[in-house]
Amino acid sequence: MSEKPRIKIPSSAKKGEVVEIKTMVTHPMESGQRKDAAGAVIPRKILNKFTCKANGAEVFAADLFPSFAANPYLTFKLRIEATTKLEFAWIDDDGSAITADAEIKVA
Amino acid sequence: MSEIQPRASRRAVLCAAGALAAGAGLLPGVATATPEATRKLIGDLAGGATLKEGRIKLDLPQVADNGATVPVSVKVDSPMTAQDHVRALYVLAEHNPVPETAIFRFTPACGEAEVSLRMRLAKTQTVYAVAQMSDGTAYLAKGEVKVTVGGCGT
């Protein structure tokens, strides 16, 4: 997964504003239900967990299952009280993680 | 961010669903959730509380040409304060091999309990959203999506 996750957020927000966080990451989310041309089951390999930390504290998380579509797209909301450093992580079945970070400034 | 239901019970439900499907000889080789298993799972999620209607706005397409990527958005009406917030939101599909698609865990820092995602649907079926509130109540919303081309096998 060499491609970077795509994170779409406002670069700044007013104190107390609820902003939308849009995320998308490249991953096949192989469900373990499909078969290859020879009829063998293609093993499951999905991102099974997503977390978002704001200034080090976990504020939103999701457990993902095989029926989550490929290239997981996920949006959620966050209330921004001060300049916030966001850290995103997607955990793969194989234990590896895709990470990204971003910042929303409060003037 | 604590879970209300122990994972084991959910797993037990899923195992039961798998066993049921295998026993009934449905789609050999592919475990398929059943509406009954999904209803039982939803009952477990409610944790003894009565599931109420309302507060959840579940946005689904009426028809999905491609079951591999069906846009879904869910908004739960909640003040999202420390005393009163949405703790978890489950998105379930009764005729997928595994009913759960996603479990979202919110905190008051979210400000609003609203998510959008894209899910796979194996065939035409009902999609459910169950919200667990911080006060122990639970809400349910559902909607049917007609699927032209399924998004799981093949």
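How many residues of chain A are in contact with residues of chain B? I counted a contact wherever two C-beta atoms, placed from the backbone, lie within 7 Å, and found 24 residues of chain A in contact with 30 residues of chain B.

Before going on, I noted that this is a predicted model, in which local features need pLDDT of at least 70 and side-chain atom pairs count only at pLDDT 80 or more, while totals for chains, interfaces and linings use all residues. Residues are numbered from 1 along each chain as its sequence is written, and chains are lettered from A in the order in which they are written.

I then turned to strands and helices, taken as DSSP runs numbered from the N terminus (H or I, at least four residues, for helices; E, at least two, for strands). Strand 7 of chain B, residues 113-119, runs antiparallel to strand 6 of chain A and is joined to it by 2 bridges, strands being paired if DSSP finds at least two bridges between them. I looked up T75(A) and found its bridge partner in strand 7 of chain B to be S116(B).

Next I examined K77(A), which lies in strand 6 of chain A. Leaving aside neighbours within four places in sequence, I listed the contacts of K77(A), among them V18(A), E20(A), C110(B) and E114(B).

Lastly, I recorded 2 helices and 9 strands for chain B, and 47% of its 154 residues as buried.

Technical notes. Buried ≥ 20, exposed ≤ 12 C-beta atoms within 10 Å, placed from the backbone.
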